[in-house]
Amino acid sequence: MSDVELIHACLADDRRAQRTLFDRYAPRLNAVAFRYLRHAELAEDVLAEAWIKIFKNLDRFNHEGSFEGWLKRIVANESLMYLRKHRLPTAELSEAVVALAPSDARVGDGLEQEDVLTLLEVLPEGCRQIFGLYELDGFKHREIAELLSVSINTSKSQLILAKRKLREAYQILSRREGAHLRHVPSHADTLPKP
């Protein structure tokens, strides 16, 4: 059954379709909640609330863009609402730091997603949240600022700090584990060989 057929069946209160939708996406959505909340039980609780919102608002999905992306946004929003209620601090860095590195530089270029997720463990909570929202979930800085109740500059500076820390961690891990991590192409790799 395609997602479109599944959505229509769920909107018609077909319980089997609802179960199929849950079974199809629960593992991926649980991973999103866990990435933000870092505790399995807490992620499950927040995910339960997200599923209620998903089924309640299924008629609002406009079939533009990815259905999975729409689901992930709901889970990310629920996770962030929980974190906002329990207010985890996010450090504000100066605008000078924002100017140091372009925000479109992708630290994950050349890495597999599993490598990035492993490296994310080294980040402070605020950096990890913003990196996840921007790089993994596709939110824009304006959206992140609204979701986390921070300034756009905080979002940008936390992303830059996250990328810097990830690069440092990657260099340490690649020296220690070498072959276990994938090679990240550098500028020197693109130069012609003599």
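This is a predicted model: local features need pLDDT of at least 70, side-chain atom pairs count only at pLDDT 80 or more; totals for chains, interfaces and linings use all residues.
The crossing in which α2 passes α3 is right-handed.

On the α2 side the contact is built from Q18, L21, F22, Y25, A26, L29, N30, A33, F34 and L37, which meet A40, L42, A43, E44, V46, L47, W51, I54 and F55 of α3. By class, the residues of this contact comprise 16 nonpolar, 2 polar and 1 charged.

## Packing of α3 against α4

Helix α3, covering residues 40-56, also packs against helix α4, covering residues 67-85, with axes that come within 9 Å and cross at roughly 125°. Given that angle, α3 and α4 are therefore oblique to each other, and α3 passes α4 in a right-handed crossing. From α3 the contact takes L42, V46, L47, E49, A50, K53 and I54, while α4 supplies W70, L71, I74, V75, E78, S79, M81 and Y82. The residues of the contact of α3 with α4 divide into 11 nonpolar, 1 polar and 3 charged.

S79 belongs to helix α4 and, with a relative accessibility of 0%, counts as buried because the cut-off for burial is under 20%. Although S79 and V46 are 33 residues apart along the chain, their C-alpha atoms are separated by 6.2 Å. Once residues up to four places away in sequence are set aside, S79 touches V46 together with A33, Y36 and L37.

In soluble globular proteins, nonpolar side chains tend to be buried together. Here the largest nonpolar core holds 49 residues, and within this core F67 and L133 have the most contacts. Two or more residues of the core come from each of α1 (3-11), α2 (15-37), α3, α4, α7 (125-136), α8 (141-148) and α9 (152-177). The greatest contribution is that of α2, which gives 9 residues.

What does F67 contact, leaving aside its neighbours within four places in sequence? The partners of F67 are D3, I7, L21, Y25, L58 and F61.

## Loop positions

The loop between α3 and α4 contains N57, which counts as buried because its relative accessibility is 18%. The C-alpha atoms of N57 and L11 are separated by 9.6 Å, and these two residues are 46 residues apart along the chain.

Most residues other than glycine have a negative phi. D13, in the loop between α1 and α2, has a positive phi near 60° although it is a residue other than glycine, and with a relative accessibility of 53% D13 counts as exposed. S149, found in the loop between α8 and α9, is another residue other than glycine with a positive phi, in this case near 55°. At 47% relative accessibility, S149 counts as partly exposed.

Definitions and conventions
Residues are numbered from 1 along each chain as its sequence is written. Side-chain values use heavy atoms; hydrogens and water are left out. Axes are lines fitted to C-alpha atoms, for helices over the stretch in contact, and angles run from 0 to 180 degrees between N-to-C directions. Helices (H or I, at least four residues) and strands (E, at least two) are DSSP runs, numbered from the N terminus. Angles under 35 degrees count as roughly parallel, over 145 as roughly antiparallel, 65 to 115 as roughly perpendicular and the rest as oblique. A crossing is left-handed if the near helix is turned anticlockwise from the far one by less than a right angle, and right-handed if clockwise. Contact means heavy atoms within 4.5 Å. Ala, Val, Leu, Ile, Met, Phe, Trp, Tyr, Cys and Pro count as nonpolar, Asp, Glu, Lys and Arg as charged, and the others, Gly among them, as polar. A nonpolar core is a set of buried Ala, Val, Leu, Ile, Met, Phe, Trp, Tyr and Cys residues joined through side-chain atoms within 4.5 Å. Buried means under 20% relative accessible area, exposed over 50%, partly exposed in between (1.4 Å probe, protein chains only).
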